[in-house]
Amino acid sequence: MHRWSELFIPTLREAPADAEVASHKLLVRAGYIRQLGAGIYSFLFLGNRTTQKIMKIVRQEMDKIGQEFYLPAIHPREVWEESGRWTVMGENMFRLKDRKGADLCLGMTHEEIMTDIARKELRSYKQLPQIWYQIQTKFRDEPRPKSGLLRVRQFIMKDSYSFDIDATELDISYLKHYDAYCRIFDRCGLKYMVVEAHSGAMGGSQSHEFMVRTPAGEDLIVSCEKCNYAANMEKATSKLAAIEELKPEGDGQPLLIHTPGKGAIADVAEFLKISAKQDIKTVAYMAQKPGDDGKTQEQPVVVFLRGDHSVNETKLLTLVKASNLRPMQTEELEKYFQGPAGFIGPIGLVVKPKEALGEWDPKKQAGDPRAVTVVLDEALSGRTNMICGANELDYHLKNVMPGKDFQYTVASDVRSVVAGEDCPNCGAALRIDTAVEIGHIFKLGYKYSESMGARVLDRHGKEVAPIMGSYGIGIERILTAAVEQSNDENGFWLPPSIAPFEVVVVATNTSDDKIRTTAEDITRQLEGAGFDVVLDDRDERPGVKFKDADLVGMPFRVNVGKKVTEGMVEVVQRSTRQSTDVKISAITEYFKGLLPPLG
RNA sequence: CGGGGCGUAGCGCAGCCUGGUAGCGCACCUGCCUUGGGCGCAGGGGGUCGUAGGUUCAAAUCCUAUCGCCCCGACCA
């Protein structure tokens, strides 16, 4: 029997001053966690019980589709060099040296290690498909750990990896994970949504993120209330209302107009009595990418989009296969546009051909030194009679038509969706929320199997690289998300499946023998029926015990008090505060109707 | 890495400007009391004031450096 009086549950009346988000404050106050350093936390009794329950659910569902391994956390440098990520991971990776001076790192994720096993052992298509998973501690030297358990430097992750003979088979492994993840998060009692995510510049074809809405989240997700459209900001798009085009003036050719001192879009629009929607915004970047020699390569990228839109830099990075963007400086603007900041525009640019998109090989960069990658946002396709900068101080152009009056390297969706725009599926209004990512499934492709040399023979005897997928779940984030989702000023409540205890039995007055023994009896009964119960038998005033019970996350409380003389106790549901008088003799039956048996 | 803030008892804070005995609330220990929402009374324990230098007769307080933590930004396969 778990007696509170003998347990270590250090609850706090006040939250630590440096806690900001609800889950952080409450998990500390409830005695689940204590901080050791920035982004490093100890899990105490209650916190550990919960994460163990979460892991049990994850394990049960993963065992239905895969096999659990246990892999090292310390990795030799060589494996990470083979995949190229020893360099790519940069400062985010914890590195150390052993006594012989050999380089090692703490694993941030385990693609390399799993692929290493695969290449040494897998020989034939007959051994595929394989799904291997593990639940392991990961280390990331975050530049800025924050928000309690949300962004930390050490955390537990369930990660799995699939090896398939071809893309069709990968689809099956991917779908298995998708379904397993839904079962896991359902069982953990989370309200989550699945969003399409961008798969990054490093290859990979499909990716979904499992997100929980919360103000503490760091990711933005776009979703439709009407249909089930949901996407990551970096992937989201929207249907735009038709724009009323300006009338052409003169012969319809671009026409120079004097706009003295009106550089900004808003000024131009006001000066010309037009809407920003009729203006072309020009955003000029230098795209950056680390070169093979370790030096940063740069190339000019210019985006044209509707005056009231803004560039989504992640979309753009993916499009031009770059790792970073910086705004062009004045001299660079003058070099490529031959015009002054504020009045730059598309006409007169030397446009790189479509084949040059995403091309970084310096040998293929020869040609006109003024050549730039020009990206036209799709929202400008087919537009007519627009206003744009003339590349001349204090002048703009009228009657400009993308595609006719200027060329571009590529037309693509590179703008950010704005809340209230129309859903691309059903046309209803889109909303944008912050959310926390609790799971991510990802079609990796051949990146690791190719670079690390995993090969199997296919049914024709031909040597091929297996195609891979990688899939992660943040264990602590499930807890954090659950707390974020269900809390008030007094504390939080967890879904019974992951709460440290499903029921707390409060003996309101321990000096009353009848009350004390009844509370013990009830606890014993409920335990006997398979429920997870803790008995609060502390010699405290009832108020103290009620406050604690409200704080620490148990979904149900049984108050054993004066009504024992009538054979009754109260059952209080934490989430609703609803209190029900229940006959002591019927208490087990009552909970059987409320709670599913423990798995 | 840029900007800001904070390090004084387990937690929350005051004291610092204007140098001179280290304080308050909660928590903790003992006793009494109380027992349906952090109850009351009495007594008590606990802090090299983040660390290291410096100035001074004297430093929590002034100066310098350094470490740590938090927030905003950058970053986040």
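An open sheet of three strands runs in the order E5-E7-E6 with antiparallel pairing; strands, like helices, are DSSP runs numbered from the N terminus (strands E, at least two residues; helices H or I, at least four), and two strands pair if DSSP finds at least two bridges between them. The model is predicted, so that local features need pLDDT of at least 70 and side-chain atom pairs count only at pLDDT 80 or more, whereas totals for chains, interfaces and linings use all residues. Residues are numbered from 1 along each chain as its sequence is written, chains are lettered from A and ligands numbered from 1 in the order in which they are written, and side-chain values use heavy atoms, with hydrogens and water left out.

- Three bridges join E5 and strand E7 (residues 103–106) in the antiparallel sense.
- His75 has Cys105 in E7 as its bridge partner.

**The surface near RNA strand B**

- Around RNA strand B there are 41 residues, of which Arg13, Arg151, Arg541, Asp550 and Glu570 come nearest; a residue is near the strand if one of its heavy atoms lies within 4 Å of it.
- This surface divides into 19 charged, 11 polar and 11 nonpolar residues, where Asp, Glu, Lys and Arg count as charged, Ala, Val, Leu, Ile, Met, Phe, Trp, Tyr, Cys and Pro as nonpolar, and the others, Gly among them, as polar.
- Strand E2 (33–37), helix H13 (542–551) and strand E32 (556–560) each supply at least two residues, and the largest share, seven residues, comes from H13.
- Sugar or phosphate accounts for 51% of the atoms of RNA strand B within 4 Å of the protein, and bases for the rest.

**Polar contacts with RNA strand B (N or O pairs within 3.5 Å)**

- A polar side-chain atom of Arg151 lies 2.3 Å from a base oxygen.
- A backbone N or O atom of Ala17 is 2.6 Å from a phosphate oxygen.
- An N or O atom in the side chain of Glu14 is 3.2 Å from a sugar or linking oxygen.

**Chain A overall**

- Chain A has 14 helices and 34 strands.
- Of its 599 residues, 51% are buried, that is, under 20% relative accessible area (1.4 Å probe, protein chains only).

Notes. A polar contact is a pair of N or O atoms within 3.5 Å; within protein, one must be able to donate a hydrogen and the other to accept it, and residues adjacent in sequence count only if both atoms are side-chain atoms. Buried means under 20% relative accessible area, exposed over 50%, partly exposed in between (1.4 Å probe, protein chains only).
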